[in-house]
Amino acid sequence: MKLWEDTANQLKGSARRKFMAQVVDSSGRSGQVFAQDHLGWSRSTIQKGAIELATG
């Protein structure tokens, strides 16, 4: 988890949102809840990153 937090903090803008969405996607069904509760990531930011990944 520390690696994910550190990496996300080093990235900016869409790269950060896309990274967050990829981490959540690889975490399975409850990935957004896990990220929100344990990493302090905003679910709306994760959702925006998922849209950016899907649309390129």
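The dialogue below reads a predicted model, from the overall fold down to single residues.

Student: How many helices and strands are there in the chain?

Tutor: A first reading of a fold starts with its elements. This chain has four helices and zero strands, and from the N terminus on the elements run α-α-α-α. The radius of gyration is 10 Å, close to the 10 Å that the globule rule gives for 56 residues, so the chain is as compact as a globular protein of that length. Along its principal axes, the C-alpha trace spans about 25 × 25 × 15 Å.

Student: What share of the contacts in the chain with a separation of 6 or more comes from residues 24 or more positions apart?

Tutor: Contacts can be sorted by their separation in sequence. Here, residues 24 or more positions apart account for 51% of the contacts with a separation of 6 or more. A pair that can be located in the model is Gly40 and Glu5, which are 35 residues apart in sequence and 8.9 Å apart in space, C-alpha to C-alpha.

Student: Is Gly40 buried or exposed?

Tutor: Burial is read from relative accessible area, where over 50% counts as exposed. Gly40, which lies in the loop between α3 and α4, has 59% relative accessibility and therefore counts as exposed.

Student: And why is Glu52 classed as buried or exposed?

Tutor: The cut-off for buried is under 20% relative accessible area, and Glu52 is buried because its value is 17%. Glu52 lies in helix α4, residues 43–55, and, leaving aside residues up to four places away in sequence, Glu52 touches Ser14, Arg17 and Lys18. Across the whole chain, buried residues make up 27% of the 56 residues.

Student: Which residues form the largest nonpolar core?

Tutor: To read a core, list its members and then ask which elements supply them. The largest nonpolar core has nine residues, namely Ala8, Phe19, Met20, Val23, Val24, Ala35, Leu39, Trp41 and Ile46. The elements that give two or more residues to this core are α2 (13–26) and α3 (31–39), and α2 gives the most, with four residues. Ala8, one of the core residues, touches Arg16, Phe19, Met20 and Trp41 when residues up to four places away in sequence are not counted.

How values were computed
Residues are numbered from 1 along each chain as its sequence is written. This is a predicted model: local features need pLDDT of at least 70, side-chain atom pairs count only at pLDDT 80 or more; totals for chains, interfaces and linings use all residues. Side-chain values use heavy atoms; hydrogens and water are left out. Buried means under 20% relative accessible area, exposed over 50%, partly exposed in between (1.4 Å probe, protein chains only). Contact means heavy atoms within 4.5 Å. A nonpolar core is a set of buried Ala, Val, Leu, Ile, Met, Phe, Trp, Tyr and Cys residues joined through side-chain atoms within 4.5 Å. The radius of gyration is taken over C-alpha atoms; the globule rule is 2.2 Å times the number of residues to the power 0.38.
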